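Open the structure in your viewer and keep the selection panel at hand. The tour goes from one selection to the next.

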Amino acid sequence: MVTDPIADYLTRIRNAIMAKHRVVEIPASNLKKAITEILFKKGYILNYKFEDDSKQGIIKVALKYHPVTKLSAILKLERVSRPGLRKYVNADNLPRVLNGLGIAIMSTSKGVITDKEAKKLKVGGEVLCNIS
């Protein structure tokens with residue numbers, strides 16, 4: 001049993017990038033699906049696929065690498081809010097990741113969105129992770 005599924009999700013992706021894997025399989029949940037969709041929309045991953053098995057399902061994530069240098073599109077994955085210490089921000093104090101080049105994924109009343117979308121909607125929430 002995993003106590004922090006988001007940290008497990010980020011660690012699986014981080015380990016797959018360090019091992020230069022093309023595809024990583026992650027146990028699915030609705031929150032992980034929402035984070036995966038954001039990563040795809042923002043261009044950090046190549047593709048993803050949700051597969052249903054008899055239990056909870058699997059997310060297959062195709063990682064994105066530069067064709068020449070073989071560097072990953074994801075340079076840093078960082079968990080911000082943890083089960084032991086939640087980090088909440090209001091609409092006025094939204095985080096800036098890598099001076100606006102990275103994204104912060106947040107859980108808000110409007111759903112799981114990026115920091116830039118939260119700024120447009122003028123909504124705060126829990127900062128789940130930073131990606132650059």
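A charge sits over a ring if NZ of Lys or CZ of Arg is within 6 Å of the ring centre and within 35 degrees of the ring normal. Select K33 and F50: the charged end of K33 sits over the F50 ring, 5.3 Å from its centre. This is a predicted model, where local features need pLDDT of at least 70, side-chain atom pairs count only at pLDDT 80 or more, and totals for chains, interfaces and linings use all residues. Residues are numbered from 1 along each chain as its sequence is written, and side-chain values use heavy atoms, without hydrogens and water.

Ring pairs link F40, Y48 and F50 into a cluster. Rings of Phe, Tyr and Trp (its six-membered ring) pair if their centres lie within 6.5 Å; planes under 30 degrees apart are stacked, over 60 edge-to-face, the rest tilted. F40 and Y48 are edge-to-face, at 5.2 Å centre to centre and 75 degrees between the planes. Y48 and F50 have centres 5.1 Å apart and planes at 50 degrees, so this pair is tilted.

Now colour by accessibility: buried is under 20% relative accessible area, exposed over 50%, partly exposed in between (1.4 Å probe, protein chains only). F50 is partly exposed at 32%; F40, at 33%, is also partly exposed.

Next, the nonpolar core: buried Ala, Val, Leu, Ile, Met, Phe, Trp, Tyr and Cys residues joined through side-chain atoms within 4.5 Å. The largest has 25 residues; I13, L39, L63, I74, I105 and I131 touch the most other members. Finish on a second, separate core of nine residues, including L94, A104, A118 and V127.
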